[in-house]
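Thanks for making time this morning. I would like to walk you through one model, beginning with a pair of strands and then turning to the chain contact.

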Amino acid sequence: MKPPFIHHDFLLGNEPARKLYHRHAELQPIIDYHNHLSPGQIAANHQFGDLTELWLSGDHYKWRALRANGVSERFITGDASPEEKFRAWAATVPYTLRNPLYHWTHLELARHFGINELLDVGTADRVWREANTQLPSLRVHDLLERHQVRVLCTTDDPADSLDHHRAIRESKLKTRVYPTFRPDKALHIRQPSAFNAWRERLEQATAGPIKTFDDFLSALKKRHDEFHAAGCRASDHGLETCPASPCSHAQAGHIFNAARAGNVCSPEEYSAYASFLMLEFGRWNASRGWALQLHLGALRNNNSRLLGSLGPDTGFDSIGDFPQASALAAYLNALDDTNELPRTILYNLNPADNYIFAAMTGNFQDGVMPGKVQLGGSWWFLDQKEGIEWQLNALSNLGLLRRFVGMVTDSRCFLSFPRHEYFRRVLCNLLGQGVVAGELPSDLPLIGKMVEEICFTNVRDYFGFEPSPEIAPCL
Amino acid sequence: MKPPFIHHDFLLGNEPARKLYHRHAELQPIIDYHNHLSPGQIAANHQFGDLTELWLSGDHYKWRALRANGVSERFITGDASPEEKFRAWAATVPYTLRNPLYHWTHLELARHFGINELLDVGTADRVWREANTQLPSLRVHDLLERHQVRVLCTTDDPADSLDHHRAIRESKLKTRVYPTFRPDKALHIRQPSAFNAWRERLEQATAGPIKTFDDFLSALKKRHDEFHAAGCRASDHGLETCPASPCSHAQAGHIFNAARAGNVCSPEEYSAYASFLMLEFGRWNASRGWALQLHLGALRNNNSRLLGSLGPDTGFDSIGDFPQASALAAYLNALDDTNELPRTILYNLNPADNYIFAAMTGNFQDGVMPGKVQLGGSWWFLDQKEGIEWQLNALSNLGLLRRFVGMVTDSRCFLSFPRHEYFRRVLCNLLGQGVVAGELPSDLPLIGKMVEEICFTNVRDYFGFEPSPEIAPCL
Amino acid sequence: MKPPFIHHDFLLGNEPARKLYHRHAELQPIIDYHNHLSPGQIAANHQFGDLTELWLSGDHYKWRALRANGVSERFITGDASPEEKFRAWAATVPYTLRNPLYHWTHLELARHFGINELLDVGTADRVWREANTQLPSLRVHDLLERHQVRVLCTTDDPADSLDHHRAIRESKLKTRVYPTFRPDKALHIRQPSAFNAWRERLEQATAGPIKTFDDFLSALKKRHDEFHAAGCRASDHGLETCPASPCSHAQAGHIFNAARAGNVCSPEEYSAYASFLMLEFGRWNASRGWALQLHLGALRNNNSRLLGSLGPDTGFDSIGDFPQASALAAYLNALDDTNELPRTILYNLNPADNYIFAAMTGNFQDGVMPGKVQLGGSWWFLDQKEGIEWQLNALSNLGLLRRFVGMVTDSRCFLSFPRHEYFRRVLCNLLGQGVVAGELPSDLPLIGKMVEEICFTNVRDYFGFEPSPEIAPCL
């Protein structure tokens, strides 16, 4: 009988890879230290109404594939029924051959539902019925615990309440769930009305007026402190490029006041203000022992027409080709110069820049801890086999792969945890190839230890998270 | 006996690849929707005088290799005899090992002349004699029909007469030959004397004076209409980067008038004017259902000394490293915003930008048709195995490979049709590797259908060409 | 018994590769035409006091790895004992798996000391003792002659005395050692005090005052002449990007005078002045028949804090993402326009630019000699298997690999000559893969000749070095 597409040794193309994966990688629990999952759904232990809600709603990767396949928006984000939307997706899947969606789709059907059929129009009915039947036993907590997710970090705005996080801590969920401080909106002063609306939300979150720039900084710092108390150990920043033309506190305040008054500042003023704030955030992180995560290189909101009707994060973002090196070096150096560079993770979206980012990390390793400055895992458009291998190779050649803190899902969907499995298979396959080619020593206990470090130990030690108790694997 | 270098399974390194190629790919006819072949030679069913005229004259790929090999210009573009030039090439071929020219050379000798020897100084005499002997039965129409070229699109200036195209339609040639609208010279206002000479050619082609900017736009639009009537279904644009700083009609007219008066405009004025025209062309294409082809990233005419003596397109062009993403997004968005974005093919010359272009296509897929915005096939310096694989991988990972409209020769030589075979072998080899590695399902009918779509069906359906009748394969 | 990690066929993954390497590549002597070895240590036939002095001091590749591994600066560049520093390195080696340091470390232990153990904390003692015991028979001349280094080019400042080179010529060393003219400091006018200190050193070297710009040019030209007399046949230039906005002699003199007076010029003035000088250097080289080496793309001195305490070249340099193509084309074209472009080698540090550089070489091949403009070997951060393969592939696809002048160590350490072996193994492995895949003809004598050309013959013929007599191989 033909083995299923997602079989026991999927992506493991050599004997050492199979040993490394099955003896080491697959036994490791998950620390998913960056994703966009909903704290509210975790707190509520949400039960999904159907497979479309769980799997398709909110997944802009799939939406882009549907649009490229000529599917009308009605069946993607529109008013078609959940089942119609699912059928549109099922019909598109055979057109995603060689796209990571083809692998993720079948990996997720296999791991969550035990479904090993290839999804297409012919199997859509059976898959729809079978998966929906299982949903009552696949509530959010089930999904987290089944995958041994020991730590999970959501992404939270400083204006967000931490109530859901409090509720999660008080729930029976074994997974430790922590917020991540993501103050991107503090920088978005070039859209003053949105900025001021957000500033007002921040006022509510901090229960105090934000009139002056000092009020503003105090409010942000107060949230930083409260996030710390809630277990947060990292901030995260989404930027085209690193702002690196800092100005004085007085100048930043001046620019803030103009935005508060509804005026649009110049690009230079934006950069000065953003640089000032980014240095502040860096210093706050350093003093708290937090990690600083920089997600650089996205070119966002490229389609005004569909952005207008669908809003942001709906599949119209892309990869930019900005110059990165000099500004990134200047920013990191400004923090390092006063010994205030926190542990830092650089996530790069343009694969042409992998080597630039990997080389950059080496400039700011100062021997205080192993792997202080990290080349972040392969991200968004690069979260697929080729992209993962490029990131691993750049890191290997220019730094210490063995100190890597590993992969994250970066996902908005509770079915995405098998992406850790995917990464681990790719990692083991690559290492196994090295053993077969004689480029790595034929010492599987040594390489296996390295696998465990990259999959779990390094990240456990890198952040200062309070760990969850062990979660028994479900088999 | 040792098999010839170009053997039955050339480049097909695994069993599924061989099946995919021989059962699917090689049976497909050719639609060569972008090249630089001469409509005049097609109309005349030109007979070539010797192998040098057919194979070496005009091929700047070979000229660059000859120069890099230390061959004097006399034997390349100079007054050496055709036979001397051929010998210089034969002596250079063994120095092209690992260059695509080594493959193309032997593929073309094998496919057109049945010659399976490796070309070098020792075999030059025999090859010269044998090939020249066969030339009488290798006139242009023979070459097109033998390769089952069902559709062929030349590249034509709006100032070019369409007389040759008319003559071709009236000839016995089975291949359908259509012009492509390439109005690059309309943008070249920074060289006013060349621009005005070309404008006068356009006046003749439209039989009317071009005094005002409105005259100019009307003349171009008239040609656009006449090209449509001649079966043209696409425009093509060669640009360093996408002009994306549009101005008003009045401003563009002002800049046009200055050029018409012989004045050199500023770079900013050029960009504004070029942006205005490119939006016009995009809208005309949208209203006609044409495809818009953008060839971005070449850095041309780098060698003034040899450009001065040899003119353009003689081997002194190169790859630029321009920022592309933001301007390209802005241009496509400006068209999309009013629902006037035509089907679009983005050809990228800098391989570092493959992912940027591939991601960009996804921003403007709107579900109206499958694969509306395409990542164009691997082009010029990238038209070789490594470059083809990179393009296929970028497209696969960020879009839908199965919707790809496939390869073109982009050639100036009538012997280049085996480049389709070359591409198809690389494609099948890559897909076969995926099957062997378990990254694609082991379902050869499914993958075979995908091969046929990429080689023929997709492109047939993408453009609105009137198809030729089937052409019997010659074996 | 398990073979050692660095075994007879290390990196040679196929049968043709093994034949190509053992029958052709490994028999070739070495011409190491670019490195940073100390002429003083060569002249003195220096004997190293311990393995740390020979192997770790000055090697910023290892220093970066140590810092990334969390090792304190005391054990890297600080006051720890040589043995303590060695132990810190031994403990770090197992964390360099997949980094080129892991290969180089064991290759160097094997080739120089016959040590085949893997270095780690468990083997550190034995390795330390064994290697130190052998040092008396591993003086500098031993190391050069054992590796059949026929020519070695150091990198020398125009202000450097050539006394060491004179002493080397008069010594018994068989290796021919030549200086390379590296006038980078002549461009560094934006740091006037360092510039003027260097200018004074140049005064001493030329025994004359440098008051005017003409004095300055004369002094540099005098050194160029004296370097030529000492056997120098190449200059070398380390630049972020190619300066290509030339000014007049008068303007350059004006800018020079301002620097001489201690004033910091504008970036535009720097570029004009640097462009003027780079054109001068190019012309001098052309008239002497020297090669011009351009090392482009490094982003240097990124860490002010550690730069302040440790100085330059200590591991805080990185890869830049500067636009390169247009300026490089303009510079080369300015020299070519008057027929004064010397043979030129373009070394690129950003792997995303490999194709841009490779394509650029083709614009200035003029048929005067084979391979006049070269894509330089894989350099610094790219001197590892992946980087070497990328460089070979870019060169192969866009130029003539068979005309390549091959690899250099670019090293500061006398143990680095096995990097030639490393390169040759990677080259043979790649060519052998091509033979196995049928992408190269199965004609090993032909491919073997190509290997010999790339490893030795091409470089011997490219530069005009006076060759050393043959050096018997030590086995």
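In which sense do β4(A) and strand β5 of chain A pair, and over how many bridges? Before I answer, please keep in mind that this is a predicted model, where local features need pLDDT of at least 70 and side-chain atom pairs pLDDT 80 or more, while totals for chains, interfaces and linings use all residues. Residues are numbered from 1 along each chain as written, chains are lettered from A and ligands numbered from 1 in written order, and side-chain values use heavy atoms, without hydrogens and water.

The two strands, β4(A) at residues 234-239 and β5 at 291-296, pair in the parallel sense over six bridges, where strands are DSSP E runs of at least two residues and pairing requires at least two DSSP bridges. Within that pairing, A:Asp236 stands opposite A:Gln293. A:Ala234, A:Asp236 and A:Gly238 point one way from β4(A), whereas A:Ser235, A:His237 and A:Leu239 point the other way, and all are buried, meaning under 20% relative accessible area with a 1.4 Å probe, protein chains only.

Turning to the interface, the contact (heavy atoms within 4.5 Å) takes 47 residues from chain B and 45 residues from chain A. The area buried there, that is, accessible area (1.4 Å probe) lost on putting the two parts together and summed over both, is about 3,800 Å², with carbon and sulfur atoms giving 51%. The rule finds three salt bridges across this interface, a salt bridge being a Lys or Arg side-chain nitrogen within 4 Å of an Asp or Glu carboxyl oxygen. A:Lys385 and B:Glu439 meet in a salt bridge at 2.9 Å, N to O.

Conventions:
Buried < 20%, exposed > 50% of the residue type's maximum accessible area, 1.4 Å probe, protein only. Helix = DSSP H or I, 4+ residues; strand = E, 2+ residues; numbered from the N terminus.
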